[in-house]
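Reader: I'd like to go through this model with you and ask what stands behind each label. Could we start with how the chains meet?

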Amino acid sequence: MSALLHVERLSKRFGGFTALQEVDLEVQAGERLGLIGPNGSGKSTLVNCICGTLRNEQGSVRFDGVEMNWLTAHQRTRRGLARSFQLPRPFGSLTLAENLRIPILYTVNARDGQALAGPALLARCLELLAQVGLADKAHRLPRDLTQIEMRKLELARAMAAAPKLLIADEAMAGLSHAEVDEIIALLIRLNGQGVTVIMIEHIMRAVMEFSQRLAVLVAGRKIADGNPKDVVRDPEVVRAYLGE
Amino acid sequence: MVSSVAREEEEREGLRGLGHIAFIGVLAVAAAAVFGIARWIDNSYAFFAAYVVVQYIVLGTAWNILGGYTGYVNFGITAFFAIGAYSSVVMYKLTPWMPLPVMILVGGVLAALVGLGTGYLTLRLRGVFFSIATLALAVVVQTLITNWDFVGGARGAYVLRPRLAPLIGGEYIQYLFLVMLGLCVVSLATARAIERSALGYGFAAIRDDEAAAEASGVPTLKLKLIATALSGGFMGMAGAPLPYYVTYLDPASGFSLNYAVNAIAMPLIGGTMSWVGPLIGAVFVGGLQEYIRASSLYTYFDLNPAFGVLITGVLMVVFVILAPQGIVGLFKRKPR
């Protein structure tokens, strides 16, 4: 059985600093994976290498049976690999609805099948905004949003690309208890529709509630991978988080 | 609730939602009206002055396709503009029978190819580094032309302007003006069509955040190359009739700083976010420059011919600081 995402012996260096060292990671289609690790452990670098924002020096990323190493970021997105950025990066001069229009125009419409246009396109944007609770701000600019709303927009933009695999890079930092629940419910609902989700998060409550499997990165290495309840009791993981 | 917002949006679109063909029709009627008025005034100076203003509409629109839509500031305007002008000089010498519109097309294609080439080499550079590279391009092209004897080198080249306009009769300047008006219609229609297409949204995404654009599936390099080729092509087309306008073209006039300053200043003053901006900016600033040149101010104060550029420079600084969205931004409704 081949996995949807297959990362093999992936290494990334920044000058003399090794950010990732021979990381292996497999994600099955339809799975919900949590990825945790202390600050600076290489989580975002791993996401950037998987999504093509950064180039890895060694190792390979296979997605949906295709070797990704030579594909640019936009080619990977078209093939169904979408991500949200840890620090929201909205298109500042476009309204919220237009922000979502971009991935629809360049991914969904670029794939085979029906292309959305006119009112149907706008309706799809509004539907996505409604899913993250931003429908009433559809025609506002991102600068009118709070940090929290920007995170929701970031997530909606990744969803708009209709991905097979969605990587949510700390989508919940700074959100209230109720909002975290909202986003978890949203991601689980998305997963129910067949989207595989990798959640990178510091909020352990969210990770434990969401993840079917948990992987832990520490200092660029994967030190644990398995059932969430077992992983958080793993002595090595406890040591990494709490010290000796 | 969602559907009501959708309907509202559709209605708003409806007000501005003139089809492409209808829009070109409106532009063509406007251009015809302008030409008709100029013919009615029947003053050759008016034609010479109006030509410059319309040329700047084309040049400003061309710059804006790259600079305004994708956010890549090109300082090498004169390179593309002069490639168009000097390709006409070459054709004037080799194939003098060639009609002007064909020369414009050739000049445009050449400049577009140069745009594509430089784009491919420089678009990996971001922000100010890209701008510096385009500045270098202008210097390189000017050096090449200055040392190319066939087109007159540093001495310059004389081009005989036919006495009479083909097809329409009257002075040849009327024909030049008409051709430039046609080019203006084409460039404005192109700019507006880009804005409303997936291409325009892709450009805007690149301008706002290139990494996020890539992550959203936008093929950024390809789109930037399209923008440089289109922008360079229109600059070349704007420059192609120049030898017939000035009748004596040398590197100092073909690569004049005025073109570069105006082509950047006019969109900035008018507004870079839409096709209307360069149009308004060119008419306002270009008109002002031509007015001052014609007025008695010049002789009265014994002004330097560069005074017009000084005004442009001051206006540009004022607008960049006080109204970064340009004149268009002053009238735009605030988003709800």
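Predicted model: local features only at pLDDT ≥ 70, side-chain atom pairs only at ≥ 80, totals over all residues.

Reader: How many residues of chain A are in contact with chain B, and how many residues of chain B take part?

Author: The contact involves 36 residues of chain A and 24 residues of chain B. Helices H2 (73-78), H3 (96-108) and H4 (118-131) of chain A are the elements that give two or more residues to the side of chain A that touches chain B. The largest share, seven residues, comes from H3(A).

Reader: What makes chain A as compact as a globular protein of its length?

Author: The radius of gyration of chain A is 18 Å, and the globule rule gives 18 Å for 244 residues; the two values are close, so chain A is as compact as a globular protein of that length. Its C-alpha atoms fill a box of roughly 55 × 40 × 35 Å along the principal axes. Within chain A there are nine helices and 10 strands, and 46% of the 244 residues count as buried. Among contacts between residues at least 6 apart in sequence, 64% join residues at least 24 apart.

Reader: Why is A:Val237 called partly exposed?

Author: A residue needs 20 or more C-beta neighbours within 10 Å to be buried, and 12 or fewer to be exposed. A:Val237 has 19 inside 10 Å, so it counts as partly exposed. This residue sits in helix H9 (residues 235-242) of chain A. Beyond the neighbours within four places in sequence, A:Val237 is in contact with A:Val216, A:Ile223, A:Ala224, A:Val231 and A:Val232. Of these, A:Ala224 is 13 residues away in sequence and 7.2 Å away in space, C-alpha to C-alpha.

Reader: What makes both faces of strand S6 in chain A covered?

Author: In a regular strand the side chains alternate between the two faces of the sheet. In S6 (residues 81-84) of chain A, A:Leu81 and A:Arg83 are buried on one side, and A:Ala82 and A:Ser84 are buried on the other. S6(A) pairs with strand S7 (residues 165-169) of chain A in the parallel sense over four bridges, and the bridge partner of A:Ser84 in S7(A) is A:Ala168.

Reader: How do H14 and H16 of chain B cross?

Author: The axes of helix H14 (residues 276-294) and helix H16 (residues 307-322) of chain B come within 9 Å and cross at roughly 145 degrees. The crossing of H14(B) and H16(B) is right-handed. Residues in this contact include B:Val285 and B:Leu288 in H14(B), and B:Phe307 and B:Ile311 in H16(B). The contact divides into six nonpolar, three polar and one charged residue.

Conventions. Residues numbered from 1 in each chain as written. Chains lettered and ligands numbered in written order. Pairing = 2+ DSSP bridges. Axes fitted to C-alpha atoms, helices over the stretch in contact; angles between N-to-C directions. Left-handed = near helix turned anticlockwise from the far one by under 90°. Contact = placed C-beta atoms within 7 Å. Nonpolar A, V, L, I, M, F, W, Y, C, P; charged D, E, K, R; others polar. Rg over C-alpha atoms; globule rule 2.2 N^0.38 Å.
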